[in-house]
Amino acid sequence: MVMIMDRKKLAIILPCNKYAKVGNYFLGSYWKEARAIIPRNERVIYAAVDCIPLKHPINVINDCIVSEDEMWRVKGFDEPPEWDNRLPECIKKGFLRLIRWYNPEKIVILLNVKPYFQAVKIVLDEIAKIVEEKEEHRFYYARYFLGFIEIELYYIAGLPGKFRALIRSVLSKYVKLIQR
């Protein structure tokens, strides 16, 4: 079964949080921060990188990208993020499904969880063409293209205040995109 949703201008992918257990990532501080800048609307889809579906496959959508419409997939579970050799493939399946279902013009991935960053980078290096890359102490940025879809990957190690600031500065650039 292939579902096609209305085309989204922007897909925002953030790390999961402890509120997966209640089925609502938006209760987490980073998700609140992002939504304060770019509210949920018909032009935006939010999603999480989450390892819960890898550890607890409970349905036919068995991948590690959980959209805002699918939070029921992780409800009742709380797993700390950790590396698993199956994680890149699980993320890849979810990433490609997100593209098929929502067909976004742009994807912005903001992460502060190292295993998630490592797995997402493996996936993007495999399926997309990198056009720009910058690495500094505790910070990483790369821009990719997958066909006509532009993808930006941001990672900052730990540092909650700096991750919050990164969310604000990056997402502020896309407010006008979703208004067009």
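Which residue in strand 6 is the bridge partner of Glu 132? It is Arg 143, and the legends below begin with the strands concerned. The model is predicted: local features need pLDDT of at least 70, side-chain atom pairs count only at pLDDT 80 or more, and totals for chains, interfaces and linings use all residues. Residues are numbered from 1 along each chain as its sequence is written, and side-chain values use heavy atoms, with hydrogens and water left out.

View 1. Strands (E, at least two residues) and helices (H or I, at least four) are DSSP runs numbered from the N terminus. Two strands count as paired if DSSP finds at least two bridges between them. Strand 5 (residues 129–136) runs antiparallel to strand 6, to which seven bridges join it. Two residues separate these strands in a hairpin, and Arg 138 in the turn has a positive phi of about 65 degrees. Strand 6 and strand 7 are also antiparallel, with eight bridges. Their hairpin has two residues between the strands, including Gly 147 in the turn, with a positive phi of about 65 degrees. Arg 143 has Glu 152 as its bridge partner in strand 7. Strand 6 (residues 139–146) is largely enclosed by the rest of the structure, because six of its eight residues are buried; buried means under 20% relative accessible area, exposed over 50%, and partly exposed in between (1.4 Å probe, protein chains only).

**View 2. The two faces of strand 7 and its pairing with strand 4.** In a regular strand the side chains alternate between the two faces of the sheet. From strand 7, Ile 149, Ile 151, Leu 153 and Tyr 155 point one way, whereas Glu 150, Glu 152, Tyr 154 and Ile 156 point the other way, and all are buried. Strand 4 (residues 106–111) runs parallel to strand 7 and is joined to it by six bridges. Opposite Glu 150 in strand 7 stands Lys 106.

**View 3. The surroundings of Leu 153.** Leu 153 lies in strand 7 (residues 149–156) and counts as buried because its relative accessibility is 0%. Its bridge partner is Ala 142. Contact means heavy atoms within 4.5 Å. The C-alpha atoms of Leu 153 and Leu 124, which are 29 residues apart along the chain, are separated by 9.0 Å.

View 4. Helix 3 (residues 87–102) has 16 residues and should span 22 Å at 1.5 Å a residue, which agrees with the 22 Å between its end C-alpha atoms; the expected span is 1.5 Å times one less than the number of residues. Twelve of the 16 residues are buried, among them Arg 97 and Trp 101. Asn 103, with a positive phi near 45 degrees, follows the helix. Glu 70, in the loop between strand 3 (65–67) and helix 3, counts as buried because its relative accessibility is 4%. Beyond residues up to four places away in sequence, Glu 70 touches Ile 61, Ile 65, Arg 97 and Trp 101.
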